[in-house]
Amino acid sequence: MPDPALFAPLTVGGLDLVNRIVIAPMCQYSAVDGCMTDWHLIHLGHLALSGAALLTIEATAVLPEGRISHADVGLWDDATETAMAHTLDSVRRWSDMPVAIQLGHAGRKASTEVPWKGGAQLLPDHPHGWQTEAPTALAFADGQAAPLALDRDGLARVRDAFVVSAVRAARLGLDAVQLHAAHGYLLHQFLSPLSNRRTDEYGGGIENRMRFPLEVFDAVRQAFPANRPVTVRVSGSDWVDGGWTVEQTVEFAQALEARGCAAIHVSGGGLDPRQIIPVGPGYQLPLARAVKQAVAMPVVAVGLITDYDQAEAIVATGDADLVALARAMLFDPRWPWHAAAHLGASVTAPPQYLRSQPQAFPDLLKARRPRGNAA
Ligand SMILES: Cc1cc2nc3c(=O)[nH]c(=O)nc-3n(C[C@H](O)[C@H](O)[C@H](O)COP(=O)(O)O)c2cc1C
């Protein structure tokens, strides 16, 4: 049997990945004033033992008003940085998995209740609400309060906040930054003609709509160490007539690549409640495939990739270079171990767990040395 493509190593922007499995960013809505809590240590800690190639920290707000909810993680001041340092120190003591951080701003989709309490928009007079900001004063959904349109000072403030968070991320030793330009959040709101109706140089044609996301990319790329990758997550389509399309995504991906983007992660949707998403196994793969055909940088596919052979086929056929998993990793945090067993590969595992290796797979688990000075 040939070596599985899913377990072939890959170097992305100078970062060595042991296989092609990425843990997608997943908001936990469990922070306090932007500070990670013990939940993040438990959540990230166990995912860091999963055998994946890269762990991505959830959407992390660059400003308090950029949080989706009041319980989002942030990285905007010393307190949020110290809390994240505590989590990372503990995770790294027991795992050598590289850790990326997704930096984002929710724009008009900020100031909501946490999902398990309904996720409704919270108005500024609510104790957990605030005034939202966006490219244009257009609400996300009918009946919602509209955001304020960002003026030039506002744009500079947001861009500078991305830079400050990237500097903090570098100081924390994070291995990569992923800019969140997907799922209808602020940078995506600039890209899509449905949410960006500006009449200045940041709105109108695609060149103008890409301008602010590209300025943020350039500023973050400049601020983050050159030998560590900066990547971008996009929505490959709004899945709404008149919205952001896969053709525009390709153009954006090419512009990012020309600026030194190390990889592009192709998701979809989230901008407009009228979206009609063709949900099914690998439903976003055609979007990743289209981008892959147009760029040389590595492409990450995501969206209902749950089956080991499906993941192997995505990488082996060249539809994408890496696969990202979210829900399947929560359902089965040892998904990469099971994929390796199924495909005849091996994964590194903490020495404490080596005795779990099933007799049928004598070469599955390789001992991993912790990075820190754990006994
Ligand atoms: C609990 C949860 C939290 C999520 N939080 C984020 C996030 O912080 N940033 C992001 O870009 N996507 C987020 N997503 C979307 C996932 O990263 C992923 O793109 C989506 O779930 C589709 O992949 P899947 O079918 O493997 O779950 C989240 C998804 C889930 C289930």
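Me: How much of the accessible surface of the protein chain belongs to carbon and sulfur atoms?
Reply: This is a predicted model, in which local features need pLDDT of at least 70 and side-chain atom pairs count only at pLDDT 80 or more, while totals for chains, interfaces and linings use all residues. Residues are numbered from 1 along each chain as its sequence is written, and side-chain values use heavy atoms, with hydrogens and water left out. The accessible surface, computed by the Shrake-Rupley method with a 1.4 Å probe and, for residues, with only the protein chains shown counting as cover, comes to about 15100 Å² for the protein chain. Of that area, the share of carbon and sulfur atoms is 55%.

Me: What share of the residues of the protein chain counts as buried?
Reply: A residue is called buried under 20% relative accessible area, exposed over 50%, and partly exposed in between, with a 1.4 Å probe and protein chains only. Among the 375 residues of the protein chain, the buried share is 59%.

Me: What is the radius of gyration of the protein chain?
Reply: The protein chain holds ten helices and 14 strands, which are DSSP runs numbered from the N terminus (helices: H or I, at least four residues; strands: E, at least two). For 375 residues the globule rule gives 21 Å, and the value of the protein chain is close to this, so the chain is as compact as a globular protein of that length. That rule is 2.2 Å times the number of residues to the power 0.38, and the radius of gyration is taken over C-alpha atoms. For the protein chain, the radius is 20 Å.

Me: Is valine 99 buried or exposed?
Reply: Valine 99 lies in strand β5, which covers residues 99-104. Beyond its neighbours within four places in sequence, valine 99 has contacts (heavy atoms within 4.5 Å) with Leu54, Leu55, Ile57, Leu88, Leu174, Asp175 and Ala176. Because the relative accessibility of valine 99 is 2%, this residue counts as buried.

Me: Which residue of β12 stands opposite isoleucine 23?
Reply: Two strands pair if DSSP finds at least two bridges between them. Strand β3 (residues 21-23) runs parallel to β12, and three bridges join them. In this pairing, isoleucine 23 stands opposite leucine 325.

Me: Which residues of strand β12 lie on the side away from Leu322 and Ala324?
Reply: In a regular strand the side chains alternate between the two faces of the sheet. Strand β12 (residues 322-325) is covered on both faces, with Leu322 and Ala324 buried on one side.

Me: What is the bridge partner of valine 302 in β12?
Reply: Strand β11 (residues 299-302) pairs with β12 in the parallel sense over three bridges. Val299 and Ala301 point one way from β11, whereas Val300 and Val302 point the other way, and all are buried. The partner of valine 302 in β12 is alanine 324.

Me: Which residue of β11 stands opposite isoleucine 264?
Reply: Strand β10 (residues 264-267) runs parallel to β11 and is joined to it by three bridges. Opposite isoleucine 264 stands valine 299.

Me: Is aspartate 33 buried or exposed?
Reply: Most residues other than glycine have a negative phi. Aspartate 33, in the loop between β3 and α1, has a positive phi of about 50 degrees although it is not a glycine. Tyrosine 29 lies in the loop between β3 and α1 (38-47) and has a positive phi near 50 degrees, and tyrosine 29 is buried with a relative accessible area of 17%. Aspartate 33, at 59% relative accessibility, counts as exposed.
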